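Biologist: Could you take me on a close look at the enclosed space inside this protein, and at what is built around it? I would be glad of one connected walk-through.

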Amino acid sequence: MKTQIVASFMPDNDQLTQKDLALINQYQDDFDILELRVDGLAHCEIDTLRKIIEEIKTVLKKDLLVTYRTVKQGGKGVKSEEDYVKFIRGIGRLEQVDLIDIEWEPYNDIRKILVHECEAHQKVTLLSYHHFDETPKIEVLKKTYFNMSKLGAQHLKIAVMPQTRQDVLILLEALSEASEALPQWVTGISMSQLGVISRTAQEVFGGALTYGSISEAVAPGQLHVKTLSNLMPVYSLVEKR
């Protein structure tokens, strides 16, 4: 499977500018999916989101992923658990959304319900988990992928912070094994500059998605989508055994 490039875009305001739309259109040939990060919006409500999506769709010809990243997972979102669930459900009912990011939490059964509800509205679901302090042991990473897989989402994403080069290898090994063992598409990102190879070589290790920026990076070590689109073909030439 060819790894798809996701372009992360976080609006500064509740209303897009012509410059924002031009930026999306300018780099559209360099990505496959646009990720709209909405946790930074001043008024992060469904009506605001609907208007922004309508504006984006005037130029966007690719699939749209909507992500609300909470503070505990490295974003700016401060919604309570109850409001988070309500908001994700609202996103699931928006016709022009193709994919939805749902944050995974252990022992939280409501996440499984959210996955099924969003898929009932014909959305592709992506479960995500981030660890910004360290890279857990490989046994922990593999178990996390397995536990995430039980919720039924189509995509499983883990992003962790490396402290050493060995940490990057641990993440890539866990990704490779998960891609072979699980029926879902999987993604594994080792953040920061130390883990950049995990972003460019996802395809080599069985990863389905890699994330880049179209303006400012929204995660440590994130490259511009233009850089990713230029580098990734090199890795796709590596023979898989």
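Modeller: Strands β2 and β6 each supply at least two residues of the lining of the largest cavity. Keep in mind that this is a predicted model. The lining counts 19 residues, and R37, H130, K157, V218 and A219 are the ones nearest the centre of the cavity. The space in the largest cavity comes to about 160 Å³, and the structure holds one cavity of 30 Å³ or more.

Nine strands make up an open sheet with parallel pairing, and their order is β7-β6-β5-β4-β3-β2-β1-β8-β9. At the edges stand β7 (185-190) and β9 (223-224); each has a single partner strand, so one side of each is left without a neighbour in the sheet. In general, strands of a sheet pair through backbone hydrogen bonds, in a parallel or an antiparallel way.

Let us follow β2, residues 33-37, to its partner β3: five bridges join the two strands, which run parallel. Along this pairing, I33 stands opposite D63 in β3, and L36 stands opposite V66 in β3. Strand β3 is largely enclosed by the rest of the structure, because four of its five residues are buried.

Is V59 buried or exposed? With a relative accessibility of 18%, V59 counts as buried, because the cut-off for buried is under 20%. Setting aside neighbours within four places in sequence, V59 is in contact with L21, I24, N25 and Q28.

Helix α1 (18-26) brings us to an open space. Both β1 (4-9) and α1 supply at least two residues each to the lining of the second largest pocket, and α1 gives the most, with three residues. This pocket holds about 260 Å³ of space. Of the 13 residues that line the second largest pocket, F9, M10, D12, S215 and E216 are the closest to its centre. The lining of the second largest pocket divides into six nonpolar, two polar and five charged residues.

α5 lies across β5 (124-131), β6 (155-160) and β7, and runs at about 150° to β6. Helix α5, residues 138-149, also gives the most to the lining of the largest pocket, with four residues. The volume of the largest pocket is about 310 Å³. Lined by 13 residues, the largest pocket has W104, P106, Y107, N147 and K150 as the closest to its centre. Its lining divides into five nonpolar, three polar and five charged residues.

To return to where we began: the lining of the largest cavity takes at least two residues from β2 and at least two from β6. In the strand order, β5, β4 and β3 stand between β6 and β2.

Conventions
Residues numbered from 1 in each chain as written. Predicted model: local features only at pLDDT ≥ 70, side-chain atom pairs only at ≥ 80, totals over all residues. Heavy atoms only, no water. Buried < 20%, exposed > 50% of the residue type's maximum accessible area, 1.4 Å probe, protein only. Contact = heavy atoms within 4.5 Å. 1 Å grid on protein atoms, 1.4 Å probe; cavity = no way out; pocket = protein on both sides within 12 Å on 5 of 7 lines; lining within 4 Å. Points joined across faces, edges and corners; volume = space filled by probe spheres on them. Nonpolar A, V, L, I, M, F, W, Y, C, P; charged D, E, K, R; others polar. Pairing = 2+ DSSP bridges. Axes fitted to C-alpha atoms, helices over the stretch in contact; angles between N-to-C directions.
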